[in-house]
Amino acid sequence: MSTAGERTPVDVAVGVLIDGDGRFLLTSRPEGKVYAGYWEFPGGKLEVGETVEQALRRELHEELGITIGAAHPWKVEIVDYEHARVRLHFCKVYAWQGEFEMRERQSMAWQTLPVDVKPVLPGTVPVLEWFATERGFSGPTHEAAPPR
Ligand SMILES: Nc1nc2c([nH]c(=O)n2[C@H]2C[C@H](O)[C@@H](COP(=O)(O)OP(=O)(O)OP(=O)(O)O)O2)c(=O)[nH]1
């Protein structure tokens, strides 16, 4: 049972693609979506009946034109935005096939810490902190976003 004021979270599958040099892929949110221009890890909402891995495979094919190998579940995080409450299922992905195509006219950037793209989506910031912990990185992980 949910208490008054709580919203049911929308499940989102998110891919943390990591290349052979340990760089990770960020993409910018396309025009026309909430937080357009903000940088995030690629992914999207689960459709009815889909698992996280199925949704991730579909979204990364639709958005980036690649076919991913195994998706390794990493962390789950709930974020409350004005527009929605989302449950983000972050999965690490080390293997994929195909050439990257920006099918939604977004931008992509392979990054290490600290990231040099901005602004970073609020729900993406914790991932940078998890990477910092994993990698023994200290100092700011990204540049603070201006208030919206
Ligand atoms: N892909 C992605 N979404 C994130 C991240 N962090 C974060 O808070 N989100 C939020 C933003 C959105 O509210 C939600 C993802 O929904 P979306 O609108 O991008 O998904 P979608 O592609 O299925 O969208 P649509 O078809 O409904 O337009 O999750 C992240 O790192 N990656």
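UniProt, in an unreviewed entry, lists residues 8-133 as "domain: Nudix hydrolase"; UniProt positions follow the numbering used here, feature names are shortened, and annotations may be inferred rather than shown by experiment. The end C-alpha atoms of residues 8-133 lie 30 Å apart, and the span is 17% helix and 36% strand. Helices (H or I, at least four residues) and strands (E, at least two) are DSSP runs, numbered from the N terminus.

**Basis and confidence**
- This is a predicted model, in which local features need pLDDT of at least 70, side-chain atom pairs count only at pLDDT 80 or more, and totals for chains, interfaces and linings use all residues.
- Residues are numbered from 1 along each chain as its sequence is written.
- The chain has a mean pLDDT (the predictor's confidence in each residue, from 0 to 100) of 95, and 97% of its residues reach 70 or more.
- For the complex, the predictor gives an ipTM of 0.92 and a pTM of 0.94.

**The sheet**
- An open sheet is formed by four strands in the order S4-S1-S7-S6, with mixed pairing; two strands pair if DSSP finds at least two bridges between them.
- S4 and strand S6 (71-80) are the edge strands, each pairing on one side only.
- From one strand to the next, the twist averages 20°; axes are lines fitted to C-alpha atoms, for helices over the stretch in contact, and angles run from 0 to 180 degrees between N-to-C directions.
- Helix H1 (residues 52-64) packs on the sheet and touches S1, S4, S6 and S7, where contact means C-beta atoms, placed from the backbone, within 7 Å.
- The direction of H1 makes about 65° with that of S1.

**Strand pairs**
- S6 and S7 form a hairpin with four residues between them, and they pair in the antiparallel sense over nine bridges.
- Opposite residues in S7 stand Arg85 for Asp80 and Val86 for Val79.
- S1 and S7 run parallel and are joined by eight bridges; Val14 stands opposite Phe90 in S7.

**Around the ligand**
- The ligand is surrounded by 17 residues, of which the closest are Glu40, Gly43, Gly44, Lys45 and Gly123; a residue counts as near if its C-beta atom, placed from the backbone, lies within 6 Å.
- Strand S1 (10-17), strand S4 (43-45) and strand S7 (85-93) each give two or more residues to this shell, and S4 gives the most, with three.
- The shell has ten nonpolar, four polar and three charged residues; Ala, Val, Leu, Ile, Met, Phe, Trp, Tyr, Cys and Pro count as nonpolar, Asp, Glu, Lys and Arg as charged, and the others, Gly among them, as polar.

Notes
Two residues are in contact if their C-beta atoms, placed from the backbone, lie within 7 Å.
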